[in-house]
Amino acid sequence: MAMTKTLSMISRTGRDLQRYNDGCRQVVGCIPYRYRKTNQSSTVQGTQIDDLEFLLISSQKSPKWMFPKGGWETDEALEDAALRETFEESGVVGDVGVQEYLGTWSFKSKSQGTFHEGHMFPLLVTEELEDWPEKTVRKRLWLKFSEAREVCWHSWMKEALDVFASKLTKRNKDDEPQTCPFDELCYEQTVATVSNSNTMFYEEPIISIEANDLTCEEELRLSLVAKPSLVKKQP
């Protein structure tokens, strides 16, 4: 999904329209990425993680680096908020991978004394603008995957980056041609799979992070908890 609304050069401020979920402030952000100019690691199976560069921005109050994110407000959809916050803080626009939603991470802000839920999307950058609302208070930095993961200050954002890399790896595996050395065995397996209406499938796990107090200056290591649920295939 690309941003179609007119971009405002003034960042939204205040909390009048801020969304909350059971007292948790709703935050949304993106992991902006682009293809590197030299694709030395490209393969026929698809894009590899080292073919990409990731955009990080500096904090307004410190030199620490992170991915763009901000409050999700009541007058906008989740993906629209992700696009807006990414433009306001980093000055890039592009396509949000709605189908590639990375997950939700829970954390507590010590400075604000409130719990947050952070939702993250990948964003394929289509344009990097020279001017943007927070240009005077932020810096931009394009890095390779390993470098981005190393310098990113927030642990939950590192987890989101790991999820993105995992999804990319899985997609490449799914794209690989599947061969069976025994045609008869392949046929029997296919028939058995189709005829078995009681086959159980896993839903995409809900990803969450739980941690104690953290700030931009002091952040605890967060642990990823994936809770897959079983769904019965409909006949």
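This is a predicted model: local features need pLDDT of at least 70, side-chain atom pairs count only at pLDDT 80 or more; totals for chains, interfaces and linings use all residues.
Student: Which strand forms a hairpin with strand 2?

Tutor: Strand 1, with two residues between them. In the turn, Asp22 has a positive phi of about 55 degrees. Strand 1 covers residues 20–21 and runs antiparallel to strand 2, with two bridges joining them. Tyr20 has Arg25 as its bridge partner.

Student: In which sense do strand 2 and strand 8 pair, parallel or antiparallel?

Tutor: Parallel, over nine bridges. Strand 8 holds residues 114–128. There, His119 stands opposite Val28.

Student: How many bridges link strand 2 to strand 5?

Tutor: Three, in the antiparallel sense. Strand 5 is residues 69–71. Look at Gly29: its bridge partner is Lys69.

Student: And what is the bridge partner of Tyr35 in strand 3?

Tutor: Leu52. Strand 3, residues 52–58, pairs antiparallel with strand 2 over three bridges.

Student: Turn to Asp162. Why does Asp162 count as partly exposed?

Tutor: Buried means under 20% relative accessible area, and exposed means over 50%. Asp162 is at 24% relative accessibility, so it counts as partly exposed. Asp162 sits in helix 3, residues 155–175.

Student: What does Asp162 contact, leaving aside its neighbours within four places in sequence?

Tutor: Phe145 and Arg149. Phe145 is 17 residues from Asp162 in sequence, and their C-alpha atoms are 9.4 Å apart.

Methods
Residues are numbered from 1 along each chain as its sequence is written. Side-chain values use heavy atoms; hydrogens and water are left out. Helices (H or I, at least four residues) and strands (E, at least two) are DSSP runs, numbered from the N terminus. Buried means under 20% relative accessible area, exposed over 50%, partly exposed in between (1.4 Å probe, protein chains only). Contact means heavy atoms within 4.5 Å. Two strands pair if DSSP finds at least two bridges between them.
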